[in-house]
Amino acid sequence: MSCAVKISLLDYELELLPEKGVYWNQHDTLFVADTHLGKEATFRYHSIPVPDGSTAGTLRTITQMVQRTRVRSLVILGDMFHAKSSLSDKTHEQLQAFRQLHPELRIKLVLGNHDRPLGTLPASWEIDVIPAGEFADGLAIGHEPENIPTSAALMLCGHLHPAVRLTSAVDQTSRLPCFWWHKKRLILPAIGGFTGCTTIRPTYDDRVWVVAEGTVLAYPNRGSRKSNQA
Amino acid sequence: MTNTVTQSTGETPSKSVDKFFDSIGWKPFRFQRSTWRAYRDGSSGLVHSATGTGKTLAVWMGPILKWLGENRDRNKWQPKRPPGLRVLWITPLRALAGDTEASLRQPLDRLALPWRLESRTGDSKASAKARQLKRLPTALITTPESLSLMLTHEKLLEQFSQLEGVIVDEWHELLGTKRGVQTELALARLRKLNPALRVWGLSATLGNLEQAQQALVGSAPANDVRIIEGYSKKRLQLESIIPTRIESFPWSGHIGTRMVPQVAEKIESVNSTLVFANTRSQTEIWYQQLLKQRPDWAGSIALHHGSLDTSVRQWVEKGLRDGTLRAVVCTSSLDLGVDYTAVDLVIQIGSPKGAARLLQRAGRSGHQPEATSQLAFVPTNAIELMELAAAQDAIRAGHLEARPLLRKPLDVLAQHLVTIAIGGGFDSKQLLQEVRTTQAYESLTNIEWQWVLDFVVRGGASLDAYPEFKRVERKGDFYQITQRRVRTNHRMNIGTIVSDAAMHVKYMKGKTLGTAEESFLSKLKPGEKFLFAGRLVEMVCVRDNVAYVKRSKGTPDTIPRWMGGRMPLSSELSQALRHKLHEASQKKLIGREMKALKSLFDIQQRWSIIPATDQLLIEQIKTRTGFQTFLFPFEGRLVHEGLAALIAYRISKSQKATFSMACNDYGIVLQSPSKTECDPKTAMNWFSTEDLMADILASMNCTEMAKRQFRQVARIAGLIQQGLPGSRKKAKQLQASSNLFFDVFCEYDPNNLLLEQSRREVLDQQLEASRMHSAMERINASQIIVKEPPRVTPLAFPLLVDKLRERVSSETLADRIARMQADLESAAAEIGK
């Protein structure tokens, strides 16, 4: 597969996958952010008819990446579940099945703002809740891009659901989810099948890779030195 | 009341009414008397005429006369115990309820009738609403939304069954909209409760009065139905304010504020003027410019549009009624409503886009039946003069626009089913029968009905796709809602008006100025200045969904843009416009407006041609931003949007290409990075009717049209919960945009009929597929002329400056990004030189 992009940020060799995950070969780890599992169940619980399928789809996407990269550990950078009502019977079944599919996989979760009210997750899912902070070799992880440890050279995080629209004088694309390198942070796009996104305004020193049509493409940086973050 | 018309015991009702008319110095018109008679005889019907000709009294005196006939003995009247509910008055705007109440109250007071008259709208006090739930007044003024809300209260049904008549004011405004369909469904319900119910509508004159009448009374009226024409001999005087030097006139869509001095002069020449502009932003600009021109008018001119705070609007309306305001700059917010008798001139800025609308607006002046309506037209670009010339032709020929009706919108029906399920529940067979008596759902199939039932009961038709979902509970054929949470939620979200998330704009000291869209306000930085509610303010901060501002000095950095559709040129006016161009192509310039455009036509003729009615003009030219292909079908913006997507799609099928498109009422521009091959023969294929439907659907999927339309559908069907601006904390975990819903449905429930409905709405309403089809047939019979003019022509210029919106591409994203990258680099190199 050539649609992924290998990048080197401050000596960290990372691979940006078109399924919106980040693969760190050196530590045999896959990072994803903002899965928002069970979000459709929450909506239905509140009498808003949303079809089933996005949670299963999100888990399938993660499975694809896990199987292709053969990683030993998966790190979820927050907002794994959408709300308390997301943990429906169906969601339980789906998580159980996911666990059985990858019995050896170590799953780690940095709690996001949506996860914090949930309480303890079922032990049978074997999910280690780990604090935000340094992960390995000076690379930190977290959910919100704020609170980067002073010692960290780079932080992987989520929360923003970043997306950009590419514009030139003659053409403009629709909004495309993206990886955004901004002030020592690499912010991952939301992987959840039922999540929206926020349009970002990259600055001159940022780097952006968009995800579209099954590929990751470097985005021509148009930010001026003056413009600020959206 | 000082001036009570006393009725002696046993006096005939009609005598009392004559006395009443005497007391206000009027004489009943013939059409008013026939309306009263028809009402007495149990008929329903539609009264139509221009504004300000006594339609209100025509229908309102019907119920009064009937009651007087039944209660001749005045001694038995009991003002302390008013009669129960008899009449429901439906008004399309809740802002009008107050004025309507005042004008309906006048005859009640003069006749000293023991009736109770009240309003019930979103603005009413909670205490009044609670009291009304126990006992409704004799006559109640309400809106379609509030009426639907009342239907969720089971205990009101008994009182509704006593209802004698329903009067729908400004029916033309509701007709052909989802609010109109909502009204039709509510009327069907009321007719079910009382089969002898009289239903009367008041309407401006339309091209399809028969349909308007049928939609009002349903397909199986129990009584006679009449169409009554009101006083029609109103005189009308139209004139254009023509700029002195047309050459220096901007061709673009620029707001022609250079006409401000002439407009000020006009305003000066009369007592009271309404200045209509087409958008809220334009009203803000014109108001400022007029003040700049005449600083001494501060305080005597005002601004009125739908985003201003109610208190501001009410102050302006009062000023208009009292005749204390010299001029009010407004949007369609003042299209409706009671008579402002003081207004003696209407100024229309920019094209009214339809002959009926122009007529309606003109009718806002000279409000006495005998007076002459005066309208002055101010073009914002030169070509608009041609539109006015065309509109005058259409009015003269009586070619007024029809209001096309909506066909069975399932989102509105889904909302209605939940409403009825809360208000006591329903038997599905009986309700289906009832729903089918409305014109909108006459042809509703059993399958569609079943789908909507499934949708409200378990979320969708597919059995396993919506686990745990429960809204309406079902027992056999009986459907009901008992969950309190569902009930409250539905009541908060009833209605079919979709607005963007709005934020209140307030002074730091606390006074509310109005609302503006969140998307606009959230982009402002503190200190940025903008025009709002007629003043210059600067942003201080946004807190708790309120934008705080303070007065400011200097020049504005920006002007709020409110979303909201631009009106497309009507089909009737488009045709008249093509005819005007045809005349111009024959060197016949008839009328002041057309003569004023002579120099412009000369340039167009020199650089290209002026198309005759049997010609389609295509112009190709290279500009700084790429290759431009202009097409001029003159069919109105909506048809052009559809054609643009279709043509771009058809070209990109045969060659890898990316098109950006823009449309206006005259034509289309397709912009591409490389030249599009175009000769009359290839161009003819673009308009081929072969595989038309398939290609239209495919082109629609390339663009985001269906996605945009889904926004409204999702809101009405209850997918998106919409609180009032700033009124309550939004449930964070339930926020999702309609775009997201659209994507999720496409992926996981592609057969959902709501998706299907959005597509159909795009076809029927947005693209007006039937108009598109006839346009293509017309073009197929025309001669195609391709020109490569030396410069952008007068016809093409407005299109070029329009913002490009839709895109169709058959290239991969990687290719497009590579090209954009190259563009950027060459642009950078350009700067570096």
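Guide: Two residues are in contact if their C-beta atoms, placed from the backbone, lie within 7 Å. This is a predicted model, in which local features need pLDDT of at least 70, side-chain atom pairs count only at pLDDT 80 or more, and totals for chains, interfaces and linings use all residues. Residues are numbered from 1 along each chain as its sequence is written, with chains lettered from A and ligands numbered from 1 in the order in which they are written.

Visitor: How many residues of domain 4 of chain B are in contact with domain 2 of chain B?

Guide: Domain bounds come from an automatic or database domain assignment, which places domain 2 at 235–397 and domain 4 at 502–551 of chain B. Their centres, taken over C-alpha atoms, are 27 Å apart. Domain 2 of chain B brings eight residues to the contact, and domain 4 of chain B brings eight.

Visitor: Which helix of chain A gives the most to the side of chain A that touches chain B?

Guide: The contact takes 39 residues from chain B and 33 from chain A. Helices (H or I, at least four residues) and strands (E, at least two) are DSSP runs, numbered from the N terminus. Strand 12 (172–182), strand 16 (215–218) and helix 1 (39–45) of chain A each supply at least two residues of this side. With five residues, the most is given by helix 1 of chain A.

Visitor: Which residues does V329(B) touch, not counting residues up to four places away in sequence?

Guide: Among them are V275(B), A277(B) and T283(B).
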